[in-house]
Amino acid sequence: MISKIWLVTPVLLWFLGCNELTEPCAITHFQATTGECLSDSTYGLTIDFKIQNAKNDFFDLFDRDGNPLGYYALDNLPLTIEDFKRSGKDFDYLKICINDHPDCCHEAEFEAPDCSHKSCMVRELSLDPGECNGENRYNLHLDFEYSNAGNDFFDVLGREGKLIGTYKLSDLPVNIENFEGSGNEYDYIKVCINDNAECCKVAEFKAPQCHTEACEIGELSLDPGECNGENRYNLHLDFEYSNAGNDFFD
């Protein structure tokens, strides 16, 4: 009887260990939370899920047609996709697979937000002052995100609605050369989609100190020459100067 016990026990231990090692990979508790629409075809989406026996630290996302949407680390869960593309149907679809394990997947449908007829929006306005070009003048690098513009152009305005320029949205980011600062510690910009005064974004930003030295004229030299008539003669003129800020003199 004792010999039988010693023969059975290793087999049982091996069987239990094998079951533990071969427990299948599984994706469970999937959640999809939709955010605000960024355009008539994209919106924010946050997903989360639980994973058992992943056997990999990464996962892949696919659309309904099997097209890859991205490759992410499991450590990034919950994952936010800022510009998830709508399918145009009432319910959107995702397929999640553990990377390199096509047998460990999960398919899910979730209700898509209605992003049709959304209002124009300007957001994430970025202003980066560059080098000074003169007294209170400098280059200004400008960029922003937008949705539902309804126009191909945008206006840049200063304080009191002064128009600085009109630019193409397709040219973003733009560099405004010789931007005229206010001379204050902070300058001001307002960006509006052209012909849409309701679709704007305002920002104040720290201005560079673009002060130049005062203009000076020194060592003026006047040398009268030959007479050319009654009370008329040639006059040779020369002088030294600094910080002129202009190519001409009177």
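Residues count as buried under 20% relative accessible area, exposed over 50%, and partly exposed in between. The legends below use these words for a predicted model.

**View 1. R159 pairs with E204 in a salt bridge.** The closest N and O atoms are 2.8 Å apart. R159 sits in the loop between β10 (153-157) and β11 (163-168), while E204 belongs to strand β14 (residues 200-206). The two are 45 residues apart, so the pair links distant parts of the chain. R159 has a relative accessible area of 39%, so R159 is partly exposed. E204 reaches 53% and therefore counts as exposed.

**View 2. R137, K162 and E180 form one network.** Salt bridges that share partners join these residues. In one of them, E180 meets R137, with 3.7 Å between the closest N and O atoms. E180 lies in strand β12 (residues 174-180) and R137 in strand β9 (residues 137-147), 43 residues apart. Both are partly exposed: E180 at 48% relative accessible area, R137 at 33%.

**View 3. A salt bridge connects R64 and E109.** The N to O distance is 2.8 Å. R64 is in the loop between β3 and β4, and E109 is in strand β7, so the contact ties together parts 45 residues apart in sequence. R64 is partly exposed at 33% relative accessibility. E109 is exposed at 51%. The structure holds five salt bridges.

**View 4. Four strands make an open antiparallel sheet.** Their order is β4-β3-β6-β7. β4 (68-73) and β7 (105-111) are the edge strands, each pairing on one side only. Neighbouring strands are turned by 25° against each other on average, direction ignored. Five bridges join β3 (residues 58-62) to β4.

**View 5. F59 and L61 touch the most other members of the largest nonpolar core.** This core has 25 residues. Elements giving two or more residues are β1 (26-37), β2 (42-52), β3, β5 (79-85), β6 (91-98) and β7. β2 supplies the largest share, four residues. Another core, of 24 residues, lies apart from it; L127, V156, L169 and V174 are among its members.

**View 6. A nonpolar patch lies on the surface.** L220, L222, Y233, L235, L237 and F249 form the patch, with about 650 Å² of accessible area together. β15 (216-229) and β16 (232-242) each supply at least two residues. The largest share, three residues, comes from β16. F249 is found in the segment after β16. At 58% relative accessibility, F249 counts as exposed.

Technical notes
Residues are numbered from 1 along each chain as its sequence is written. This is a predicted model: local features need pLDDT of at least 70, side-chain atom pairs count only at pLDDT 80 or more; totals for chains, interfaces and linings use all residues. Side-chain values use heavy atoms; hydrogens and water are left out. Patches are made of residues with over 30% relative accessible area and no salt bridge: like charges are joined within 9 Å, nonpolar side chains (Val, Leu, Ile, Met, Phe, Trp, Tyr) within 5 Å. Accessible areas come from the Shrake-Rupley method with a 1.4 Å probe; for residues, only the protein chains shown count as cover. A salt bridge is a side-chain nitrogen of Lys or Arg within 4 Å of a carboxyl oxygen of Asp or Glu. Buried means under 20% relative accessible area, exposed over 50%, partly exposed in between (1.4 Å probe, protein chains only). Two strands pair if DSSP finds at least two bridges between them. Axes are lines fitted to C-alpha atoms, for helices over the stretch in contact, and angles run from 0 to 180 degrees between N-to-C directions. A nonpolar core is a set of buried Ala, Val, Leu, Ile, Met, Phe, Trp, Tyr and Cys residues joined through side-chain atoms within 4.5 Å.
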